[in-house]
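The following note sets out numbered points for the colleague who will examine the structure shown below. Each point may be checked against the coordinates.

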Amino acid sequence: HTLFWMEHNSKGNTLVISYEKLVDKNNGPMEYAKLGGFLSESTGKKLAQSQDDIPCVWDYIINSRGDTSTNGKTPQSHRSGPKVYPFTDEQIDTIIHYLESLAQLYPVELGSVMEGYVNDALALKETFHSV
C-alpha cells in the first residue's frame, strides 16, 4: 500500500505521519499540527480550530474522550485471543527487506519511519528467539 501511494502521488500531495508519532504524548500534538497545516494548505480552507487549540484537540481525540456512543459510553473492543502473533524468521526478514527498500526509495519521506519499523521488527524477532 505504501509503495502504491508513494508512486501515485506527488511530493506536494503527500504527507507521511506514523501512527506511533501521532499518538505519542510528546510528538502527537506537533504531528497533528502538521496534518492540519497540510490539509489546510492542500484544500485552501482554514482549520476549524486555532493553532493554539491543537494540543487540546489532540488530547481530546487521542485519549478517546471524543469517541462516545449515543448512550454516552465509550465503545470497547470485543476481540479476544493473542495480542502477539508469532512470525517465522523468514517472514520477519521479508518484512525487514520491504521496509528497508521503502526507506531506500524514499529516504526523505519514509526513511526515519521505516527505520523505526525495522527496529521494531528486529526486536520482535529477538522476542521470538528468547521464548
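1. Helix α6 contributes four residues to the lining of the largest pocket, the most of any element. The elements giving two or more residues to this lining are α1 (2-7) and α6 (107-130). Helices here are DSSP runs of H or I with at least four residues, and strands are runs of E with at least two, numbered from the N terminus.

2. The model is predicted: local features require pLDDT of at least 70 and side-chain atom pairs count only at pLDDT 80 or more, while totals for chains, interfaces and linings use all residues. Residues are numbered from 1 along each chain as its sequence is written, and side-chain values use heavy atoms, with hydrogens and water left out.

3. The largest pocket holds about 230 Å³ of space. A pocket is an open set of points on a 1 Å grid over the protein atoms alone where a 1.4 Å probe fits, with protein on both sides within 12 Å along at least five of seven lines; lining residues have an atom within 4 Å of a point. The volume is the space filled by probe spheres set on the points, which are joined across faces, edges and corners.

4. The pocket is lined by 17 residues, and W5, M6, T14, L15 and V16 lie nearest its centre. The lining comprises eleven nonpolar residues, six polar and no charged. Ala, Val, Leu, Ile, Met, Phe, Trp, Tyr, Cys and Pro count as nonpolar, Asp, Glu, Lys and Arg as charged, and the others, Gly among them, as polar.

5. The protein chain has six helices and zero strands. Of its 131 residues, 17% count as buried, that is, under 20% relative accessible area, with exposed meaning over 50% and partly exposed in between (1.4 Å probe, protein chains only).

6. In α5, the buried residues are I92, I96, L99, L102 and A103. Viewed down the axis of α5, these buried residues fall within an arc of 125°, so they line one face of the helix; the arc is taken over directions from the helix axis to the C-beta atoms. On the other side of α5, the exposed residues are E90, T94, H97, Q104 and L105.

7. Q91 is found in α5 and K125 in α6. Their C-alpha atoms are separated by 9.8 Å, although the residues are 34 apart along the chain. Q91 is partly exposed, at 40% relative accessible area, whereas K125 is buried, at 19%. The side chains of K125 and D93 are joined by a polar contact of 2.6 Å.

Key: A polar contact is a pair of N or O atoms within 3.5 Å; within protein, one must be able to donate a hydrogen and the other to accept it, and residues adjacent in sequence count only if both atoms are side-chain atoms.
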